[in-house]
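I opened my notebook today to look up a protein model, one step at a time.

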Amino acid sequence: PHAAQQVVSPFFGSGGVEFELLRTRERVRVRGSDGDAALVRFWQATLDSPEAVVRHVERIIPPDRELEEREFWALRAGIEAGAAALARAPIALTAARFFVVNRANFSGQFDSNFQPPAAASMLKTREKRLRQIRNFEVPPPGPPRRLRLEEAEGFAAIEKSPPEVLL
């Protein structure tokens with residue numbers, strides 16, 4: 001409802017709806033959660049210190065070369081290591097790794113034998129996405145204090161929230 005001043009988003013994900021609410025409704029507060037620890041750390045770091053995240057992205061993928069496939073899989077393995085492993089790394093570094101892995105996206109088909117036209121198209125798409133990583137864009141400035149984001153299983157967040165505030 002338009003009059004709502006608090007919204008609970010149990011599956012935050014990309015935050016598209018939540019950021020739009022914060023942008024367009026001056027008094028709304030959002031309590032978001034997501035079960036993906038790396039995603040939560042990505043948003044926390046991006047909102048708190050986007051410059052630090054950008055610096056880490058630039059270190060992961062220097063401007064003079066592209067990300068190699070083995071580097072991609074190592075980054076992905078680090079992100080999939082779980083919340084305990086992620087908590088040991090600096091939050092901006094985890095955010096940068098998450099960003100790179102989600103933007104680079106080496107397909108599993110990349111290693112398999114498939115028709116040359118598909119392979120050429122896939123390679124072109126991969127290279128385009130790798131170039132876009134360097135153009136890191138931070139969400140529009142807004143009052144992040146109106147957004148509280150935590151790692152939590154979505155259904156647990158639903159159970160402890162009044163139905164009228166659920167997004």
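**Entry 1: How much is covered?**
I call a residue buried when its relative accessible area is under 20%, exposed when that value is over 50%, and partly exposed in between. By that rule, buried residues make up 40% of the 167 residues in the protein. A reminder to myself: this is a predicted model.

**Entry 2: The parts list.**
I looked up the helices and strands next. The protein has 8 helices and 3 strands. Reading from the N terminus, I noted the order β-α-β-α-α-α-α-α-α-β-α. I also looked at contacts between residues with a separation of 6 or more, and 75% of these join residues 24 or more positions apart.

**Entry 3: The strands.**
How do strand 1 and strand 2 run, parallel or antiparallel? I found that strand 1 (residues 6-9) and strand 2 run parallel, with 4 bridges joining them. Glutamine 6 is opposite arginine 29 of strand 2. On the way from strand 1 to strand 2 the chain passes through helix 1, and this β-α-β crossover is right-handed.

Then I followed strand 2 to its other partner. Strand 2 and strand 3 are joined by 5 bridges and run parallel. Here serine 33 has glutamate 150, in strand 3, as its bridge partner.

**Entry 4: A stop at arginine 29.**
I wanted a closer look at this residue of strand 2. Is arginine 29 buried or partly exposed? Its relative accessible area is 48%, so arginine 29 counts as partly exposed. Leaving out residues up to four places away in sequence, I listed its contacts as Gln5, Gln6, Val7, Arg145 and Arg146. I also noted a distance: the C-alpha atoms of arginine 29 and alanine 4 are 9.0 Å apart, while the two residues are 25 residues apart along the chain.

**Entry 5: One side of helix 1.**
Which residues of helix 1 are buried? I found Glu18, Phe19, Leu21 and Leu22. These residues lie on the same side of helix 1, because they cover an arc of only 155° around the axis. The buried residues of helix 1 pack against strand 1, strand 2, helix 2 and strand 3.

**Entry 6: The nonpolar core.**
I turned to the largest nonpolar core, which has 35 residues. Trp43, Val53, Ile60, Leu67 and Val100 have the most contacts inside it. At least two core residues come from each of these elements: helix 1 (16-24), helix 2 (37-48), helix 3 (50-60), helix 4 (69-79), helix 6 (91-104) and strand 3 (147-151). Which element gives the largest share? It is helix 6, with 9 residues.

I counted 8 aromatic pairs. One of them joins phenylalanine 12 and phenylalanine 19, edge-to-face, at 5.9 Å centre to centre with 80° between the planes. Phenylalanine 12 has a relative accessible area of 3%, so it counts as buried.

Another edge-to-face pair is made by phenylalanine 72 and tryptophan 73, with 4.9 Å centre to centre and 80° between the planes. I compared how covered the two partners are. Phenylalanine 72 is buried, at a relative accessible area of 1%, whereas tryptophan 73 is partly exposed at 31%. I also found one aromatic cluster, formed by Phe12, Phe19, Phe42, Trp43, Phe98 and Phe99. Trp43 was already on my list of core residues with the most contacts.

**Entry 7: Last stop, asparagine 102.**
I went back to helix 6, where asparagine 102 lies. Its relative accessibility is 42%, so asparagine 102 counts as partly exposed. From asparagine 102 to arginine 76 I noted 8.9 Å, C-alpha to C-alpha, and 26 residues in sequence.

How values were computed
Residues numbered from 1 in each chain as written. Predicted model: local features only at pLDDT ≥ 70, side-chain atom pairs only at ≥ 80, totals over all residues. Heavy atoms only, no water. Core = buried A, V, L, I, M, F, W, Y, C linked by side-chain atoms within 4.5 Å. Buried < 20%, exposed > 50% of the residue type's maximum accessible area, 1.4 Å probe, protein only. Pairing = 2+ DSSP bridges. Right-handed = clockwise from strand over helix to strand, strands pointing away. Phe/Tyr/Trp six-rings, centres within 6.5 Å; stacked < 30°, edge-to-face > 60°. Contact = heavy atoms within 4.5 Å. Arc of directions from axis to C-beta.
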